[in-house]
There are 2 protein chains.
Amino acid sequence: MLPDSNRSRTSVKNEVQLSTVSVDCVIFGLEADALKVLLVQHDSGVMEGQWALPGDYIRNDIDLEKMPGMVLSQLTGLDNVFVELFDVMGKVDRVSHQRVITAAYFALINTEKYELKTGLGARDVKWVDIHNIPALIYDHNEIIKRGHEALKLKLRREPIGVELLPKLFTLTQFQRMYETILDITLDTRNFRKKIIKEGILQDSGQKEVNVPYRAPNLYSFDAEKYDELRSQGYFLNIY
Amino acid sequence: MLPDSNRSRTSVKNEVQLSTVSVDCVIFGLEADALKVLLVQHDSGVMEGQWALPGDYIRNDIDLEKMPGMVLSQLTGLDNVFVELFDVMGKVDRVSHQRVITAAYFALINTEKYELKTGLGARDVKWVDIHNIPALIYDHNEIIKRGHEALKLKLRREPIGVELLPKLFTLTQFQRMYETILDITLDTRNFRKKIIKEGILQDSGQKEVNVPYRAPNLYSFDAEKYDELRSQGYFLNIY
DNA sequence: TACCTTTATGTAAAATTTACAATATGCTCC
DNA sequence: GGAGCATATTGTAAATTTTACATAAAGGTA
C-alpha cells in the first residue's frame, strides 16, 4: 500500500477514495444440542421488518477489531468473547444504492445465561437454528454459510468450544460440543479414546451430582498440554 | 448490518461514516528452493525510498476482490492468479495521520518467467527471500508474517502450489514445493508413499529428458481425485 | 568403464484408526 | 430392597498408517 500523498496510478490523483465500511457478525450460540445464529430485525428504514445479521457501520475512532465486540456487548451484554474475522465482502453491488464493504466476524457464545437486548436499530433479536435460517437481506445468508465453514475449521485447529462449557464438564458434553458445531455424529468410544490420548483433558476425580442416572466423571481442559500440541500444528481429524 | 437510512445507535445519525480503505498484497514467489515476497519501494511522498508491500487504495466502482488481481497485473503482468484474503488490519493508529483500513491478500506465483514492472507509484520492485525481509513501513512486516501462516495453512488443505509447477512434474519438484512453502524438511520416502497413496498424482509414464543423472518420472495432478478428498475435509499432516 | 548425481524404493516395529456391543452406575419407582 | 430406566464407561481384534532408516538403479560424463 502506498498511503502517502502520492496516489497510485489507478486512483484519482490527490483525491482520497473514501468508502462506507461496516461490520457484520455471525454470532453462533451453542446449546446442548443445537447451534444457533443471532439475528436482528430492522426497526425502520428501507429494510424495516426484515431480518439480518447484527452489525454496524464502523467508526473511524475505533479499532476495527473492537467493533464486533461492541456489537456483541450491546445485544447480549457479553464482553471478552471469542471473535474472529473470517471474510470481507466487497462487491460493488452487494448493497443497493451505495457500495458498502463489510468485514465479517464470527463469535461463539453460550445462548443460555444471557438475556438478549434489542439495540443497534433492531426491533427484535432472536436465536435461529443454523439449519433454519430465513431469507436475510443482501448477502447475509452467504455470510452465515462462510462463517460456519470458518467456525468448523477453527474448531478443528483449536478447541474454542471449551470456553463455553463449565470449568468442569463431562466427556459427553465435550463430545456434543464437537458434534453440534461440526454438524456430525461421532462414535463415543473412538472419540473418547482420541481425546484422552491427546491428553488435553484432565480427570478431576469428581463426579457430577444430582443426576438421575450414573454420575459422569468431570474433566477440566489442560491448556498447557493443548498449547504444546498447537505449536506442533494441531488439527483434529474426526469424522 | 443495518445499511439503510436508519443509522445504528452507535453511529452519528444521518451521517454516513466514510473510511479510507486499501488493499495490501503479500505476493509469494516460489522458486526451486526459496520462497520470496514481492516488495515495492515508494517513489515519492512521505514514504519515499522506503520499502513496502504492493497495494493500492480501493476504488468504489471496483469489486474489492478484484483489486489484488489488478495490483498483481500491474506489477507482474500476471492475470488469473490464485489470490485469497487472509486478514484485515484496522487499528486506528496503524497509519499515521489518517485511519486506513487495509484488506490483506496473499497470492502465490512463480518468480521465473515473468518480468517485474514498476508501477503503482513504485520506484523499484524486487523479490526478497521470506527469511530476509527488511524493515517495512507501518505493520507490513506483521502482515507478511500472518500471510505466511495463512499460506501454510492453505497449502495443507489444498495443493495450491501445483499450479506453479509444469503440467508434468517430478516428485522431487512436488516435494520441494511443500518444503519451501512450509519451511520444513521432509523424508523423501515417507512423503512419496503418502502422496502416492492419496492418489492425487498420476504417473504419466514419461520421463524427464536431458538430465545428467537418472531421469525422473513425470507426474500430473489429478484434480478429480483431489476434489473427492477435499469434500471429505482434506488436511495434509506432514512434519 | 568408472564415477558422479539424483531417483527410486522396502521393511519391520510402533502407533493409530476403525468398527463394534456389553457392562456399570446412580437414581426412581414400586 | 429390587426392578427398571437412562446414561456412562470401557475393550479388542483387524486394518491401516506412521515412523525411522539405507541401498540399489539409472542416466550422463569423463
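What follows is a walk through a predicted model, from chain A as a whole down to single residues in chains A and B.

Residues are numbered from 1 along each chain as its sequence is written, while chains are lettered from A and ligands numbered from 1 in the order in which they are written. Local features need a pLDDT of at least 70, side-chain atom pairs count only at pLDDT 80 or more, totals for chains, interfaces and linings use all residues, and side-chain values use heavy atoms, with hydrogens and water left out.

The pLDDT (the predictor's confidence in each residue, from 0 to 100) averages 90 over chain A, and 94% of the residues score at least 70. A contact here means heavy atoms within 4.5 Å.

Now the overall build. Chain A has 5 helices and 9 strands; helices (H or I, at least four residues) and strands (E, at least two) are DSSP runs, numbered from the N terminus. Read from the N terminus on, the order is β-β-β-β-α-β-β-β-α-α-α-β-β-α. The C-alpha trace of chain A spans about 70 × 40 × 30 Å along its principal axes. Of the 239 residues in the chain, 54% count as buried, where buried means under 20% relative accessible area, exposed over 50%, and partly exposed in between (1.4 Å probe, protein chains only). If you take the contacts in chain A with a separation of 6 or more, 65% of them come from residues 24 or more positions apart.

What do they pack against? Just after the helix, Gly77(A) takes a positive phi of about 80°.

Further along chain A, helices α3 (residues 171-182) and α4 (residues 188-198) pack at an angle of about 100°, with their axes 11 Å apart. Axes are lines fitted to C-alpha atoms, for helices over the stretch in contact, and angles run from 0 to 180 degrees between N-to-C directions. α3(A) and α4(A) are therefore roughly perpendicular to each other; angles under 35 degrees count as roughly parallel, over 145 as roughly antiparallel, 65 to 115 as roughly perpendicular and the rest as oblique. On the α3(A) side the contact uses Leu171(A), Thr172(A), Phe174(A), Gln175(A) and Tyr178(A), and on the α4(A) side Thr188(A), Phe191(A), Arg192(A), Ile195(A) and Ile196(A). Sorted by class, that makes 6 nonpolar, 3 polar and 1 charged residues. For the sorting, Ala, Val, Leu, Ile, Met, Phe, Trp, Tyr, Cys and Pro count as nonpolar, Asp, Glu, Lys and Arg as charged, and the others, Gly among them, as polar.

In the loop between α3 and α4 of chain A sits Asp183(A). This residue has a positive phi of about 60° although it is not a glycine, and at 44% relative accessibility it counts as partly exposed.

Over in chain B, Ile200(B) lies in the loop between α4 and β8. Ile200(B) is buried, with a relative accessible area of 0%. Leaving aside neighbours within four places in sequence, its contacts include Phe174(B), Ile195(B), Phe221(B), Tyr226(B) and Leu229(B). Glu228(B) is 28 residues away from Ile200(B) in sequence and 9.7 Å away in space, C-alpha to C-alpha.

Tyr226(B) turns up again with Glu158(B), which touches Tyr226(B) and Arg230(B), not counting residues up to four places away in sequence. Glu158(B) is found in the loop between α2 (140-157) and α3 of chain B, and at 17% relative accessibility it counts as buried.

Finally, Asn210(B) is in the loop between β8 (201-207) and β9 (217-221) of chain B. Asn210(B) has a positive phi of about 60° although it is not a glycine, and with a relative accessible area of 78% it is exposed.
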